Amino acid sequence: MKLNHWYAVAALSCGLSVAFGAFGAHALKNVLEEHALQTWNTGVKYMMFHSIALFIAVFSMYLTPQEKLP
């Protein structure tokens, strides 16, 4: 995959984590117990951290000169 595709994957992952966070805060607030809602929020935070880490990894690949393969 090209680097632009990985940027798109990272951006989609960030967007999904925001959407999942909003879904948990609004739609699941009255459905789940407090412990389950905290677990949901922890998962959303981990997803966002991994999305940011993917952005950093792709950006570092962009900065590193790549040799062209034949």
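In which helix do Phe-59 and Tyr-62 both lie, and how many residues apart are they? Both residues belong to helix α2. They are 3 residues apart, about one turn of the helix. The model described here is predicted.

Helix α1 covers residues 3-26 and holds 24 residues. From first C-alpha to last, α1 reaches 35 Å. That span is close to the 34 Å expected at 1.5 Å a residue. The buried residues of α1 are Ala-10, Ser-13, Cys-14, Ser-17 and Gly-24. Helix α2, residues 34-63, is included in what covers them.

Ser-13 lies in helix α1. Its relative accessibility is 18%, and the cut-off for buried is under 20%, so Ser-13 counts as buried. With neighbours within four places in sequence set aside, Ser-13 is in contact with Met-47 and Ser-51. Along the chain, Ser-13 and Leu-3 are 10 residues apart. Their C-alpha atoms are separated by 15 Å.

Ser-51 is found in helix α2. Its relative accessibility is 1%, so Ser-51 counts as buried under the 20% cut-off. Again leaving aside neighbours within four places in sequence, the contacts of Ser-51 are Ala-10, Ser-13 and Cys-14.

Aromatic rings were examined next. A pair of aromatic rings is described by the distance of the centres and the angle of the planes. The count comes to 4 aromatic pairs. One of them joins Phe-20 and Trp-40, with ring centres 6.3 Å apart and planes at 70°. Angles over 60 degrees count as edge-to-face, so this pair is edge-to-face. Phe-20 lies in helix α1 and Trp-40 in helix α2. The pair therefore ties together parts that are 20 residues apart in sequence. Phe-20 is partly exposed, with a relative accessible area of 35%. Trp-40 is partly exposed as well, at 30%.

The pair formed by Phe-59 and Tyr-62 is stacked. Its centre-to-centre distance is 6.3 Å, and the angle between the planes is 25°. Phe-59 has a relative accessible area of 44% and is partly exposed. Tyr-62, at 55%, is exposed. The cut-off for exposed is over 50%, which is why Tyr-62 falls in that class. Ring pairs also link Phe-20, Phe-23 and Trp-40 into a cluster.

A nonpolar patch was identified on the surface. Met-1, Trp-6 and Val-9 make this patch, which has an area of about 310 Å². Met-1 is found in the segment before α1. Its relative accessible area is 68%, so Met-1 is exposed.

At the other end of the helical region, Thr-64 lies in the segment after α2. Thr-64 counts as partly exposed, at 42% relative accessibility. Thr-64 and Asn-4 are 60 residues apart in sequence. In space, their C-alpha atoms are 15 Å apart.

Notes
Residues are numbered from 1 along each chain as its sequence is written. This is a predicted model: local features need pLDDT of at least 70, side-chain atom pairs count only at pLDDT 80 or more; totals for chains, interfaces and linings use all residues. Side-chain values use heavy atoms; hydrogens and water are left out. Helices (H or I, at least four residues) and strands (E, at least two) are DSSP runs, numbered from the N terminus. The expected span of a helix is 1.5 Å times one less than its number of residues. Buried means under 20% relative accessible area, exposed over 50%, partly exposed in between (1.4 Å probe, protein chains only). Contact means heavy atoms within 4.5 Å. Rings of Phe, Tyr and Trp (its six-membered ring) pair if their centres lie within 6.5 Å; planes under 30 degrees apart count as stacked, over 60 as edge-to-face and the rest as tilted. Patches are made of residues with over 30% relative accessible area and no salt bridge: like charges are joined within 9 Å, nonpolar side chains (Val, Leu, Ile, Met, Phe, Trp, Tyr) within 5 Å. Accessible areas come from the Shrake-Rupley method with a 1.4 Å probe; for residues, only the protein chains shown count as cover. A salt bridge is a side-chain nitrogen of Lys or Arg within 4 Å of a carboxyl oxygen of Asp or Glu.
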